[in-house]
Amino acid sequence: MRDVLLIAKREYLEQVKGRAFKVTTILIPAVFAGLIAVMVFAGKNSGAGKHIAVAAESPALAGVVRDQLLADKDARMVVDVIAPADAAAKADLIAKVNGKEIDGFLWIETPAGGAAKAEWESRSSGDFVTEGRLTDAVNHALVQQRLAERGISAGQVETLTKRIDLTTMRIEKGKETVSNALNTFWAAYAMAFLLMFTVIFYGMNVGRSVIQEKTSRIFEVMLATVKPSDMLAGKLIGIGAVGLTQLAIWGAAGALFASTALAEKLLAGEFTISISGIDIALFAVYFLLGYALYSTLFAGLAATCDTEQELQQYAPLAAVPAWLSFGLITYIVSNPNSVWSVAISLFPPCAPITMFLRMASQFPPAWQIWASVGLMAVSVYVVLWFSSRVYRVGILMYGKRATLPEMLRWLRYS
Amino acid sequence: MAAVVELDCVSKVYEQKIAVKDLSLRIEAGTMFGLLGPNGAGKTSSIRMMVGITMPDSGTVSLLGKPFARESLRRVGYLPEERGLYKKMKVMEQLVFMGQLRGLDPATAGKRAHAWCERLQILEAVDKKTEELSKGMQQKIQFISTLLHEPELIIMDEPFSGLDPVNATLLQDTLIDLKNQGRAILFSTHRMDQVEKLCDAICLVNRGRAVLAGGMREVKSRYERNHVQMSFEGDNSFLQHPAIAEYKDYAGLVEIRLKPHADAQDLLREASRKATVWKFEVMEPSLEEIFIQTVGEKIDA
């Protein structure tokens, strides 16, 4: 045990002091924050700042449409009203669009007794955000106008057509809690991504470290005093501790950031992510199990390779479960209790990611969590049995990469 | 006296290849033992079984007078041929780590490492990362890490390869000191001149079997003094003398191998009649010749 701890400590210190650890600790949250900032910025600014014209026969209708559009502060639109509009006005507007004086115009026709018609004419198509805003505004205005035509007072019209937004509630243990579907999704996505990233990153890290020891030919020196199983155990513990350290740094930095005034301003109510103690505990459990699974797998495989390039050929073993889990992300979040969601969250290579996605939308029954943890523990044991034997033989073998039949033969004489 | 290490009829087979077959040898305290043999003869395989990296298929290994046990490895120092160090670690950290793995506490390991670095003249390197050092320096660090825990059995696979003559001599002298302190030292090498100079006993392995073993003097005495080295000036027709099996003429210096039981004195008389002889020395064959002869015969067989 003393040897295991010494090796773990050496591995831990070497990695924590290394440049890669410092770079990833700072860079990864920075990249994350940058991506989120870009996404939020792009979302707020898409279709914003446009200069358009609204053309209708009825000045009142055009005015209401304009007021509707200006009410949306995010859009920051400049809206001209052309009313009453005729064919000459239309030709003039087309010329203006063509001459890039305005971005486009909304042409509304309300023939008496016929169906109303609205056209949006611009140089580009595919601006869904602007189209959505315009559709909302025209419909809202038409409803108001029709109600007014039927003799309903302006005040009543306002009350009748007032728009409401859905409030999503989540029922947990028989009690209602306010939940924001989108925020839940983002929280799940972030935690699952972080989990997958760290599990696979540190799993591969173990593989790389084994290759490095193999190429630096340190094994023969070490094995003259230390058992191979102690070396493997020390390495897994040491690198696992590095992973936990990094997660703890991110966690602490995140908590610290969330308590600052800046965060309050930025997240301003609409972006509250609540993470409970159970979430954190399960995150740690799934990190450790997922890490154990991938790292033992890669330690065994690395022992059969001579170079990192050869090890890269095994990377799909980690990438495919990750893709699979992320490909199913919307399905799992919207159908957390379907047979497929349950099945994939029990499947060990995908469990850490998919179980977290399910937890976010609805907390799964306890037995399913226990079952997935149990299945993972069993598969860790099986992979460890296989890997430690391959490892024992492989680390002293140089030359070409071992084939599967060779590895199976190694199982016998180790 | 109990042997420090003893192999008794040890065999090891990898898949189809026989690595070691019925090998027996013993090394006593205070001796230097040379394990010789061509590439792939089974030297490294034998050593790996002594230090528990692999287990023999049959036969027994005894370490320090007891059947092999992992605890005994704390008293063994092993420098493999394929050398490895943690490249990113600083020299002193590395030495202390290695010392700790072999049971030392950090303070003792540090103190001894410092003393050794001083002795081997690499004190200025202790705070550098291993990857920044020259190959020769790295080799010295490995050498130190092998000796830090004052092992009773020191096993070195090709310890002098890649060292310049000054450093090779430095390490050689260190090994002789250790031997005189009563440690048992086993080393394998291809350099027969070093073996001849340093070793008290040898074992020559070929194709996994011991083909020649025993004390250095005893092994050599099994071979006839049938080698002549001479230098002369003048007529060289005496080289056709019937006692000569073969000769090599290196411009004035001739190396002669005599036929079995030939009379060297008669050759000397013949030579002095025809030429001026400056030097005429009858020698036992060098270890190198014994090596080539023994291994070569086996390959022919």
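The questions and answers below concern a predicted model and go through its sheets, helix packing and chain interface.

Me: In what order do the 4 strands of the open sheet in chain A stand?
Reply: The pairing in this sheet of chain A is mixed. Its edge strands are β2 (78-82) and β4 (117-122), each of which pairs on one side only. Neighbouring strands are turned against each other by 20 degrees on average, direction ignored. The order is β2-β1-β3-β4.

Me: Which residue is the bridge partner of G104(A) in β4(A)?
Reply: Strand β3 of chain A covers residues 104-109 and runs antiparallel to β4(A). The two are joined by 6 bridges. In β4(A), the partner of G104(A) is S122(A).

Me: What angle does the direction of helix α4 of chain A make with that of β3(A)?
Reply: Helix α4 of chain A spans residues 87-98 and packs on the sheet. In doing so, α4 touches β1 (51-56), β2, β3 and β4 of chain A. With the direction of β3(A), the direction of α4 makes about 160 degrees.

Me: Which strands of chain A does helix α5 of chain A lie across?
Reply: Helix α5 of chain A is made of residues 128-149. Relative to β4(A), α5 runs at about 150 degrees. The strands that α5 lies across are β1, β3 and β4 of chain A.

Me: What is the order of the strands in the open sheet of chain B?
Reply: This sheet has 4 strands with antiparallel pairing. β12 (244-250) and β14 (275-283) of chain B are the edge strands, pairing on one side only. On average, neighbouring strands are turned by 20 degrees against each other, direction ignored. The order is β12-β13-β11-β14.

Me: Which residue in β13(B) stands opposite Y247(B)?
Reply: Strand β13 of chain B covers residues 253-258 and pairs with β12(B) in the antiparallel sense. That pairing extends over 6 bridges. Opposite Y247(B) stands I256(B).

Me: At what angle to β14(B) does helix α8 of chain B run?
Reply: Helix α8 of chain B consists of residues 264-274.

Me: How far apart are the axes of helices α15 and α17 of chain A?
Reply: Residues V342(A), S345(A) and L346(A) of α15(A) meet Q368(A), A371(A), S372(A) and L375(A) of α17(A). By class, this contact has 4 nonpolar, 3 polar and no charged residues. Helix α15 (residues 339-346) and helix α17 (residues 366-394) pack at about 40 degrees, and their axes are apart by 8 Å.

Me: How much area do chain B and chain A bury between them?
Reply: The interface involves 27 residues of chain B in contact with 23 residues of chain A. Of the buried area, 57% is on carbon and sulfur atoms. The area buried is about 2500 Å².

Me: Which element gives the largest share of the side of chain B that touches chain A?
Reply: The rule finds 6 residue pairs in polar contact across this interface, both residues at pLDDT 80 or more. On the chain B side, the elements giving two or more residues are α1 (43-50) and α2 (91-101). That side has 12 nonpolar, 5 polar and 10 charged residues. The largest share, 5 residues, comes from α2(B).

Me: Why does the salt bridge of D3(A) and R74(B) join two chains?
Reply: The side chains of D3(A) and R74(B) meet at 3.6 Å, N to O. D3(A) lies in helix α1 (residues 2-17) of chain A, whereas R74(B) lies in the loop between β5 (66-67) and β6 (76-79) of chain B, so the pair joins two chains.

Me: What is the distance between the closest N and O atoms of E220(A) and R48(B)?
Reply: Over all chains, the whole structure has 27 salt bridges. Across the interface of chain B and chain A, the rule finds 3. E220(A) forms a salt bridge with R48(B), and the closest N and O atoms are apart by 2.9 Å.

Me: How far apart in space are L170(B) and R119(B), C-alpha to C-alpha?
Reply: L170(B) is found in helix α5 (residues 165-180) of chain B. Leaving aside neighbours within four places in sequence, L170(B) is in contact with R119(B), L120(B), Q121(B) and K140(B). L170(B) and R119(B) are 51 residues apart in sequence, and their C-alpha distance is 9.3 Å.

Notes
Residues are numbered from 1 along each chain as its sequence is written. Chains are lettered from A and ligands numbered from 1 in the order in which they are written. This is a predicted model: local features need pLDDT of at least 70, side-chain atom pairs count only at pLDDT 80 or more; totals for chains, interfaces and linings use all residues. Side-chain values use heavy atoms; hydrogens and water are left out. Two strands pair if DSSP finds at least two bridges between them. Axes are lines fitted to C-alpha atoms, for helices over the stretch in contact, and angles run from 0 to 180 degrees between N-to-C directions. Contact means heavy atoms within 4.5 Å. Buried area is the accessible area (1.4 Å probe) that two parts lose on being put together, summed over both. A salt bridge is a side-chain nitrogen of Lys or Arg within 4 Å of a carboxyl oxygen of Asp or Glu. A polar contact is a pair of N or O atoms within 3.5 Å; within protein, one must be able to donate a hydrogen and the other to accept it, and residues adjacent in sequence count only if both atoms are side-chain atoms. Ala, Val, Leu, Ile, Met, Phe, Trp, Tyr, Cys and Pro count as nonpolar, Asp, Glu, Lys and Arg as charged, and the others, Gly among them, as polar.
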